[in-house]
Structure formats: C-alpha cells, structure tokens
Amino acid sequence: TDDGGSSGRLLQGGITVPPGDIRNCLVALSPREGILEELFNYRFDRPEELRGHCLGNLLITGLADIRGDMPGAIRAIAGILDIRGHVFPVTMDRVELSAIMEDGCLVRGETAIVADPRRIREVCLEPKRCALNEEAAAAILDADWVLLGPGSLYTSVIPNLLVPGMIDALVRTKAPVYYVANIMTQPGETDGYALSDHLEAILRLSGLKFLNGVILNNRPVSRESLAKYGEKGARPVVNDVAALKGLKLKKVELPLAKEGDFVQHDADVLSQYLLKQLRR
C-alpha cells in the first residue's frame, strides 16, 4: 500500500503494485552485499525527471513490463540477487489503504495516514475485495513457522491481514503463527499503545483464532536511546503481560532490542530461537 516517494510516483504512472517494499525484501534476502545492494538501493539526485527514484524500483517496474507481470519480474530480480527464500506480495491487485480516525474522519493513502497526528480507530483496503495472491497463501500453508511483523502496526502488519483469504490461510496452516511485537511506539500511529493494544488491533480483525502467540522484547532500552526517541514522541512499548491472560496466547520473551542508529530487533537472537524450536 506504499504510495509515497518513488513507489508513489510509479503508481501514478499506471503500475499496480508499488515496488519499494518488494525491493527491500529482495535486497534483505540477498547474500550479495556490495555493488548489487548499492545499485538496487541507489536513489537518483539528477536529472530532475529521475530525482528521488530508486534504481531498484525502476528495474522491477521495467522487468514487470518486459515479462508482462510483477511475479515474473520478482522471480527475475530474485535470480539476479541470488536470494535465499522467496518474496510473494499478498495481493497483485492495486489497493489503497484508508484509515478511520478516532474522530470518525476518513483519511486515504498510507502517506497521509502516517502524517496525520490523530489516533487511528481502524484501517481498511479499497477495494475490499482484492484477490489474495495464491503463491502467498500456498507459502503460508507450507510453512514451518509464520511471523507477523515486526513493523508498523496499521501500515505494515494489518494491511496484509485485510486481504480476503489471508486470515483463512493463517487459520488453516499447521504452522504456529506468532506476532513479533514492536519495541517502540510509532508517533502518529501507536502513541501510548501497550502490547495489549497492538494485539487487540490485530485480533479484532476476525472472530477466527489465527494467532498462537507473541514474541516480545525483555531487554531494557538505554537512556540515550530513550532520550533520542523521546524527542520524536516515541516510547518503549509496555509489555502489559497481565492484560493478555484472557487471550490464550503463548508468550515468548527474548532480549531483542539491538541499539545503534535505531532500536531494532536483533535478527540473530530471533533466528536462533526459531531454529531451536524447529529442531525439536
């Protein structure tokens, strides 16, 4: 649902699937660090017609035209980058994310939603009857483990669950489905949200039981990071575990907070835990 920056401009040009997040996933799964990663993430400063465009976005869009569809373009780029894994967009239809704010106003477009300071009541896709990508559904049904997140609650995690058939696939899969909880709140999107608020927003999407557990961080964030994030209005997500008793979710606590320029999830800690579970 990305409609900003380079992806937003390409959407205006008539493509159906914004390539930005696809590019990010492909690059993240590639072992080819160096020149290829730099090329795919390179953003033009000139000429004026290309300023702000990301080279990887243009390559994906161009290959989609050559191959006749976006899945073909993704497979071709995956081969170039020699990725470990697969990338499947949840839907190949063009969709727009909208949000109903706490005061009842409707805001259209992901970029506008992120920029709006009002509290979000719920989000929806337009059109609502977009088609689920069968490859994505098949991958979930064949999975050993399914993780939701980490990512922006209303503009990254929940939009995937709004595609008709996605929650059904999560119910049908034999794999455990876990939500990886955010470490910090996101200004303008989850201000003041505790862990229970994040989970409530996800679980109220359906009356079906599609979530088995939650993975949360138990490593304190440093004073330096707290001060830096506090300047932007972000705070650590409070793990109000006691409020989750009625949800019947398994809770896994891991030292996930990894600090640098940002507070991020420690991929090594998370992957080691998952590998340990899969080997049992």
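This is a predicted model: local features need pLDDT of at least 70, side-chain atom pairs count only at pLDDT 80 or more; totals for chains, interfaces and linings use all residues.

Colleague: What makes a space a cavity rather than a pocket?
Modeller: On a 1 Å grid over the protein atoms alone, a cavity is a set of points where a 1.4 Å probe fits but cannot get out; a pocket is an open set with protein on both sides within 12 Å along at least five of seven lines, and lining residues have an atom within 4 Å of a point. Grid points are joined across faces, edges and corners, and a volume is the space filled by probe spheres set on the points. The count comes to one cavity of 30 Å³ or more, and the largest cavity holds about 40 Å³.

Colleague: What is the volume of the second largest pocket?
Modeller: About 610 Å³. Of its 19 lining residues, Met 184, Gln 186, Tyr 229, Phe 262 and Val 263 are the closest to the centre. Helix H11 (223–230) and strand S9 (263–265) are the elements that give two or more residues to this lining, and S9 gives the most, with three. Helices (H or I, at least four residues) and strands (E, at least two) are DSSP runs, numbered from the N terminus.

Colleague: Why is the aromatic pair of Tyr 42 and Phe 44 called edge-to-face?
Modeller: Rings of Phe, Tyr and Trp (its six-membered ring) pair if their centres lie within 6.5 Å; planes under 30 degrees apart count as stacked, over 60 as edge-to-face and the rest as tilted. Here the centres are 5.2 Å apart with 75° between the planes, so edge-to-face it is. Trp 145 and Tyr 178, at 5.3 Å and 35°, form a tilted pair. Trp 145 sits in the loop between helix H7 (134–141) and strand S4 (146–148), and Tyr 178 in strand S5 (residues 177–180), so this pair ties together parts 33 residues apart in sequence. Ring pairs join Trp 145 and Tyr 178 with Tyr 273 in a cluster.

Colleague: How do you know whether Phe 44 is buried or exposed?
Modeller: Buried means under 20% relative accessible area, exposed over 50%, and partly exposed in between (1.4 Å probe, protein chains only). Phe 44 is at 18%, so it counts as buried. Lys 248 is at 71%, which means exposed.

Colleague: Which peptide bond joins Glu 126 and Pro 127, cis or trans?
Modeller: Cis, with omega about 0°. The bond from Gly 149 to Pro 150 is cis too, with omega near 0°.

Colleague: How do you know what helix H4 should span?
Modeller: The expected span is 1.5 Å times one less than the number of residues. For the 13 residues of H4 (residues 55–67) that gives 18 Å, and its end C-alpha atoms are 18 Å apart, so the two agree. Among the buried residues of H4 are Ile 60, Thr 61, Leu 63 and Ala 64. An α-helix has 3.6 residues a turn, so residues three or four places apart point the same way. Helix H1 (5–12), helix H2 (20–28), helix H3 (35–41) and helix H5 are included in what covers the buried residues of H4.

Technical notes
Residues are numbered from 1 along each chain as its sequence is written. Side-chain values use heavy atoms; hydrogens and water are left out. Contact means heavy atoms within 4.5 Å.
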